[in-house]
Amino acid sequence: MRFVMSETQDEKKARLAQALRDNLRRRKAQSRDVAREGTEPAPAPEPSKD
């Protein structure tokens, strides 16, 4: 996925905020699945540096 170099700060903030919400939703679902299995959750992966 490529982004135009003229991306404004507001667009960047909105994109990053959406990515954070998506990640939180995914981690919550993963945590619920692990809790159902009765095992310990795996440690969170290190965020990638762009």
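**Labels and their cut-offs**

Modeller: The protein chain exposes about 5,200 Å², of which carbon and sulfur atoms supply 55%; such areas come from the Shrake-Rupley method with a 1.4 Å probe, and for residues only the protein chains shown count as cover. This is a predicted model, in which local features need pLDDT of at least 70 and side-chain atom pairs count only at pLDDT 80 or more, while totals for chains, interfaces and linings use all residues. Residues are numbered from 1 along each chain as its sequence is written, and side-chain values use heavy atoms, with hydrogens and water left out.

Colleague: What makes the span of helix α1 close to the one expected?

Modeller: The expected span is 1.5 Å times one less than the number of residues; for helix α1, residues 9-37, the expected value is 42 Å, and the helix reaches 42 Å from its first C-alpha to its last.

Colleague: Why is the contact of Asp-22 and Arg-25 called a salt bridge?

Modeller: The term asks for a side-chain nitrogen of Lys or Arg within 4 Å of a carboxyl oxygen of Asp or Glu. The side chains of Asp-22 and Arg-25 meet at 3.1 Å, N to O, so the pair qualifies. Arg-36 and Asp-33 also form a salt bridge, their closest N and O atoms being 2.9 Å apart.

Colleague: Why does Arg-36 count as exposed, and what is Asp-33 called?

Modeller: Buried means under 20% relative accessible area, exposed over 50%, and partly exposed in between (1.4 Å probe, protein chains only). Arg-36 has 66%, and therefore counts as exposed, whereas Asp-33, with 39%, is partly exposed.

Methods:
Helices (H or I, at least four residues) and strands (E, at least two) are DSSP runs, numbered from the N terminus.
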